[in-house]
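Take a moment with the sequence and the 3D view before reading on. The paragraphs below are meant to be followed with the view open.

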Amino acid sequence: MAERSFEQEVEKLKLGAGAEFRGEGILAITKALLESGVSYVAGYQGAPISHLMDVLADANDILAELGVHFENSANEATAAATLAASVNYPLRGAVTFKSIVGVNVASDALSNLASGGVTGGALIIIGEDYGEGSSIMQERVHPFAMKSQIWLLDPRPNLPSIVNAVKQGFALSEATNTPVMLEVRIRACHVHGRFETKDNVRPSYTLRDAMESPRRQTDRIVLPPASYLHEKEKIETRWPAAVKFIEDHKLNEFFDGDLTDIGIVLQGGMYNTTLRALELAGLADSLGHSRVPLYVLNVTYPLIDRELVRFAQGKRAILIVEEGQPEFIEQAVNTILRRADIQTQIEGKGLLPMAGEYTGGVVRDGVKAFVRAWRPDAISDAPPSNEGAVRIAAAAKAIEHNVHPRPPSFCTGCPERPIFTALKLVERELGAHHVSCDIGCHLFSILPPFNIGATTMGYGLGGAGASAFNAKADRRAIAFLGDGGFWHNGLTSSIGNAVFNKSDNVHVIVDNGYTSATGGQDVLSSKADNKIRSTHNSIEKAVRGVGVEWVRTITHTYDVGQMRDTLREALTTKEKGPKVIVAQSECMLNKQRRERPLMVKAIKGGERVVRERFGVDPDTCTGDHSCIRLSGCPSLTVAPNPDPLRTEPVTKVINSCVGCGLCGEVAHAAVLCPSFYRASIINNPSRWDHLKARLRNAVIGFLQRRIAARQFAAAA
Amino acid sequence: MNAPFPQRPRPITIAILAMGGEGGGVLADWIVDLAESNRYIAQLTSVPGVAQRTGATIYYLELYPRAGITDAAHEPVLALMPTPGDVDIVIASELMEAGRAIQRGLITPDRTTLIASINRVFSMTERIAMADGRVDAEKLIEACRSAAKTMHAFDMAAIAEATGSVISAVLFGAIAGAGVLPFPRQAFEGAIKRGGKGIAASVAAFTAGFEATTAGDATVKTPAVTLPPPTLDGQDSDETPTRAPPHKPVPAELLEEAEKFPPAARAIVRAGIERTADYQSLAYARLYLDRLAPVAKADSDGRLITETARQLALGMTYEDTIRVAELKIRPSRFQRVREEVRVNDGQILEIAEFMHPRTQEIADTLPAPLGRFILHTGWMRGLIDRLTRKGRVVKTSSLRGFLLLYIVASLKPLRPRSLRYEVENAHLVEWLATVQRIAATHYDLAVEVAAARNLVKGYGDTHERGRRCFDALIAMLPALSQRPDGAAQLAALRKAANADDTGAALEAAIAKMKEPQLEPSS
């Protein structure tokens, strides 16, 4: 079960014609799919479209009612290949995954799909993970669209425009026999807005129809000579059809303004930011009236030469607002206008930065610079209050070293943390090892306090990233892999590869029951019962199936001692072949979400429930914080030292502690200090509990009174 | 300049800086509901991603009055991210996050109302420091006060705690109390009630936040910041036990001895007397005072005696197994745990300790000759090593566990004959002699030598590492006492010793200090 439940929100998917939908972007996209008569949907989770997958999963009943099939794909390549259903049949299909990494994985299938082309509308919804909060390399999807000739939509970031783009995307795909990518930026995915709904549409042609009367067209398969034909067809037929459709249906938008000798060409996704920039320059209002004419590219590939020529004609200069690099659009516009012999000056990456996110401040500065250069009369740029600027600068300077970066880290009670604690302890004995990381929460190991890990080459590629280290050496390389990455492709790319190449490396598969980093979706090995998916498939069986002989499954990662001993054994055993440790404990975030309500209910119901949490005695803690350096748990923090003789803060466990036990295990395994205690709080104690407690209290109380009588007052 | 636009309303811009999992989303949803229920259009965006995993994150909202819309074809175009200099309200759920808002240019003196909780959630850097890595909270508050147009700042985490709710409800109350949104208080409460979950607690926290904000004069540009006494972390202010059985007081005439010391040192000396008396005996406290007396004579401005009094008290009350056992079974300690883990009367509390006494600690507790025999006899040591390989969980709340620790604690009279006492005492006496010797000629350096004793702390490996660092510093004294900046150099070495737990920084600092100095001859 995913981290966030959309069970309530999905009810909005049933809204009929004329109702107002209010909610998040991804939910609006789902509604638009249903209004478009989609037959099947598939995808792989990852920010910012994880919630789209969660919405679809939670909406499965609604989808089924409409005859829409939904799949949680094994990976993005699987998702893209799913669109093969639209090659021969008039079936509308949509798949979704995150840029750019998802597109990378999907590229084989996408190229094949784009080459042969489609009959039914094929839509690829790309969650653009670029800029602030992004967890991946900063690259563009744009060149993928260009190289495979897939049309690329980048609608204005408001719900009506996004919903419209979904619908027009299907139509464009069908009119041009070409798959279409819909690029939605991270904030647009999560934007709360509204739009007017229409009725959902049942697909008129169904998957069942296709399966019962199969069709094939060999000229749609990528094999010579058809593949040569496809390339010609792309240029001679599909491209002109796309240009015509885009022009006829006015997918791109023109906004007039009175400063007719300048203009701005912008990606649809940059519209709101650009308009705010104009507003701050006194050149637009909040309702979208702009003095500078705008040409909004809701379709960023292909560009429409005629529209660009029309817009640029008679203008002294245009500014291109294009986020990301290289500046494909700017280059293309230069070519287009040069070919049309139009001398309008083209500004773009000269005034705006080549790299980096186009934030509000960046675009404001670029737009102002553009207008100041070409229409200085139009801009009344009141110089910012000097006094204010000085005050801000001084304030920022004063706290220069007082604001630390706060990157994400392992959650309270995370079962992955003890694995790295154990590795740190093993490295104290055996020295440092080369560690290859993967994608997932476990990648937080590279940050303090663990500082473990040298590279990450991609999802499921932890083992693959260590494959060259297959030489005779006294130390083995260690590779990490999550259960998400394992099932995504790690079984073959990392484990199978290590078996085949007779590697001696150690592979730690972190099996916490979910793809936790993307929001806790189920995978094949999840322990949860999922009514629409097959779970409980064992990772150990899978790795043994591909030929691994040395496998250890640890079912309680919090046992640091056992974890450490197993790692030591894996690193030192004489046995040949890859050593695989399946480190199994449920993601604490998900476990708490499941168990906490049950516990509260049980306590209310009068059942005996024991809750555990940890604590630190401030009078024995000497403020060295070794324990934090070996754990980093958010519940393990520091507090002022109550001891007047000491100045260093003591360690403190705050009430968010879930009692995972790691603190105690670390204190034991690392021989730290005796300050940690475990408090077991017995709710609704039984009569036996009461009897025991009374007996103990009598004896202990007696002795404690004696102690108190001898003990001198520590603080007056 | 021609302005063809009639004066139109601008959106209200709100940035919420929070940490993943803190409920920033709940607050944002309340504001959306509040606006939409009161004739405003609301747009909210966030960047969930992995920042949800305890990282810093921003929620951004824009609110636009429906009354401002002139025709159906022109809906307001709202930004998806804050533009520096264009934010009306910044809400920070924690003090360092407020500082982050300043660094990002979101708080400006011409327009921004800052609503911030000044509680601290310490960063990883602050938490993993080997000594005190906490940043200066006062500086952050001062910067906020200077950057914002108006500031409402108080410890909202403490209020949330007291009302049994979450910080987002207190923040919501503070927004209402600050009067920066065009909605009445009832409208805010309506949004909470429509939200559904934990309404009563949320409303209580909201009310407390509202009242705390309006109690100060909200029209004042920078209302006074209410700081919880005595530390910045309000949650810790009442940590001392309240209901533990009474102790035996340290005799007044002994405590009065502290009055003979310079005023600056008196509080520390008094604490030292109490600590040593509690640790061993009244005679031990007198030994403490006797040892301090010569240092007091060498003191010139109070710094030397204060630091020595502190370190001597800590050094004389090192944490051995007896001390730990004693502290663990005290009635005041049981009471403190009850309070810290919030046990109520219907519940039963059990306490378990995580202890790992090794051969070294066992030998340390025994009389010196016996302890040395164990440590230096191979088979004996091997036997005990095997028996103590694993840590023990001792249930102090059970009779067995309690009695075990009670027996260990009752070894106290034997302590002065123990191996550990012998070693610690020798080390301490030597250090004290060094302090006095250096003080005669290099007062500042002596103060630093006194302070350097602080490196020796902790248990097991930590203690051994501290001792090694301390010895390395002391070994530098002959060289340092030749230098005019010897005290500063020793302070730098102490800092280096605390920079990492491998000793690499200290080694590098010492190596650098040993390099021949290229000073112009004067």
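The model is predicted. Start with chain A. It has 716 residues, and 55% of them count as buried. Its C-alpha atoms fill a box of roughly 100 × 75 × 60 Å along the principal axes. DSSP runs give it 24 helices and 24 strands.

Now find a sheet in chain A. It is open and has 6 strands, in the order E16-E15-E17-E18-E20-E19, with parallel pairing. Which strands stand at the edges? They are strand E16 (455-456) and strand E19 (550-554) of chain A. Each has a single partner strand, so one side of each is left without a neighbour in the sheet. Elsewhere in the order, strand E18 (residues 506-511) and strand E20 (residues 579-584) of chain A run parallel, joined by 6 bridges. In this pair, A:Val508 stands opposite A:Ile581 of E20(A).

Helices pack on this sheet. Helix H18 (residues 483-500) of chain A touches strand E17 (478-482), E18 and E20 of chain A. The direction of H18 makes about 145° with that of E17(A). Helix H20 (residues 560-572) of chain A touches E18, E19 and E20 of chain A. The direction of H20 makes about 165° with that of E20(A).

Move on to helix H17 (residues 417-430) of chain A. Is this helix enclosed or open? Of its 14 residues, 10 are buried, so H17(A) is largely enclosed by the rest of the structure. The buried residues include A:Arg417, A:Phe420, A:Leu423 and A:Val426. What covers them includes E18, H20, E20 and helix H23 (662-669) of chain A. After H17(A) comes A:Gly431, with a positive phi near 90°.

Next, turn to chain B and its strand E3 (residues 56-65). Here 9 of the 10 residues are buried, so E3(B) is largely enclosed by the rest of the structure. Which strands pair with E3(B)? Strand E1 (residues 12-19) of chain B pairs with E3(B) in the antiparallel sense, over 8 bridges. In that pairing, B:Ile14 stands opposite B:Leu61. Strand E2 (residues 40-46) of chain B also pairs with E3(B) in the antiparallel sense, over 7 bridges. There, the bridge partner of B:Ala42 is B:Leu63.

Helix H2 (residues 95-103) of chain B is another enclosed element. Of its 9 residues, 8 are buried, so H2(B) is largely enclosed by the rest of the structure. Among the buried ones are B:Leu95, B:Met96, B:Glu97 and B:Arg100. What do they pack against? From chain B, the partners are E1, E3, strand E4 (89-92), strand E5 (113-117) and helix H4 (137-147). Just after H2(B), B:Gly105 takes a positive phi of about 75°.

That brings us to the contact between the chains. How many residues does each chain give? Chain B gives 125 residues and chain A gives 108. On the chain B side there are 64 nonpolar, 30 polar and 31 charged residues. Strands pair across the contact as well. Strand E24 (residues 676-683) of chain A and strand E7 (residues 348-355) of chain B run antiparallel, joined by 6 bridges. A:Ile682 stands opposite B:Ile348 in E7(B).

Finish with the nonpolar cores. The largest has 308 residues. Which of its members touch the most others? They are A:Met181, B:Val90 and B:Cys144. Helix H6 (residues 167-178) of chain B gives the largest share of this core, 9 residues. Now look around A:Met181. A second, separate core has 47 residues, among them B:Ala258, B:Phe261, B:Val435 and B:Ala446.

Conventions. Residues are numbered from 1 along each chain as its sequence is written. Chains are lettered from A and ligands numbered from 1 in the order in which they are written. This is a predicted model: local features need pLDDT of at least 70, side-chain atom pairs count only at pLDDT 80 or more; totals for chains, interfaces and linings use all residues. A nonpolar core is a set of buried Ala, Val, Leu, Ile, Met, Phe, Trp, Tyr and Cys residues joined through C-beta atoms within 7 Å. A residue is buried if 20 or more other C-beta atoms lie within 10 Å of its own, exposed if 12 or fewer, and partly exposed in between; C-beta atoms are placed from the backbone. Helices (H or I, at least four residues) and strands (E, at least two) are DSSP runs, numbered from the N terminus. Two residues are in contact if their C-beta atoms, placed from the backbone, lie within 7 Å. Ala, Val, Leu, Ile, Met, Phe, Trp, Tyr, Cys and Pro count as nonpolar, Asp, Glu, Lys and Arg as charged, and the others, Gly among them, as polar. Two strands pair if DSSP finds at least two bridges between them. Axes are lines fitted to C-alpha atoms, for helices over the stretch in contact, and angles run from 0 to 180 degrees between N-to-C directions.
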